[in-house]
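Take a look at the fold below.

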Amino acid sequence: NEVSVSLAQESVLIMGELGKRFDTRVNAILKKFSSIFNDTKTYLYDYAIISLKTIFASGVKIDSAELTECLSHLENMVDYVKSDRAQISFIWLLSHFHNKIDSSSYLLEKFVYELEAGEKSEEFKLQLINSVVYSFLKKPKEMLPILHKLFSVVLSAENESHVVTSKVRLYWTAMQEDINTFERTFCEFFETLNVDNTEDEATIE
């Protein structure tokens, strides 16, 4: 029933907060998330993705095997992650762990086409722009068409916010002027970015 679903969703968010604060519990919590991702309870996916981001952006120590196991489920989950906050967290995970997710470029591209197809929040757009640019700097050949598509979608959209279009124009100009300087400064900036801008990244063991 609706009460049971709501309680389960809230419990998943609480697990994320616990995992962020307690090194001794975090790997057991990640195992629980992996079991959720293997389950058909898709109504928990949004909440589990938000909690994963909460944990991975914190300073707790995480077993690399548990990290890899959780990330391995993302491709199968992408179509079930619906809320704005969960999608923002999902995009954050794709870029920060691009080297551990073989399909990260493909999955980022799906969000670019989703942006083109419908309205998204300004926060979603800014996270997507930052994540695509970061991934492009790490995998330029693979990400260049996706970067061009994203910038084209943003700049051609009617009534797009000045904040979003200015960000795209700023990045594009900076990359054209000196890509090496841009890469150094942008990556330093991006790697400290989180959804709530209050956490440090986790330590992976």
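In which helix is Asn27 found? Asn27 lies in helix α2. Helices here are DSSP runs of H or I with at least four residues, numbered from the N terminus. The model is predicted, so local features need pLDDT of at least 70 and side-chain atom pairs count only at pLDDT 80 or more, while totals for chains, interfaces and linings use all residues. Residues are numbered from 1 along each chain as its sequence is written, and side-chain values use heavy atoms, with hydrogens and water left out.

Asn27 is partly exposed, because its relative accessibility is 24% (the class between buried, under 20%, and exposed, over 50%, with a 1.4 Å probe and protein chains only). Beyond its neighbours within four places in sequence, Asn27 contacts Lys61, Ile62, Asp63 and Glu66 (contact means heavy atoms within 4.5 Å). Its side chain reaches the backbone nitrogen of Asp63 at 2.9 Å. Ser121 is 94 residues from Asn27 along the chain, and their C-alpha atoms are 33 Å apart.

Now turn to the helix packing. Helix α2 spans residues 23-38 and helix α3 residues 45-56. Their axes come within 11 Å and cross at roughly 150 degrees. Therefore α2 is roughly antiparallel to α3 (angles over 145 degrees, on a scale from 0 to 180 between N-to-C directions). From α2, Val26, Ile29, Leu30, Phe33, Ile36 and Phe37 make the contact. From α3, Tyr45, Ala48, Ser51, Leu52, Ile55 and Phe56 take part.

How values were computed
Helices (H or I, at least four residues) and strands (E, at least two) are DSSP runs, numbered from the N terminus. Angles under 35 degrees count as roughly parallel, over 145 as roughly antiparallel, 65 to 115 as roughly perpendicular and the rest as oblique. A polar contact is a pair of N or O atoms within 3.5 Å; within protein, one must be able to donate a hydrogen and the other to accept it, and residues adjacent in sequence count only if both atoms are side-chain atoms.
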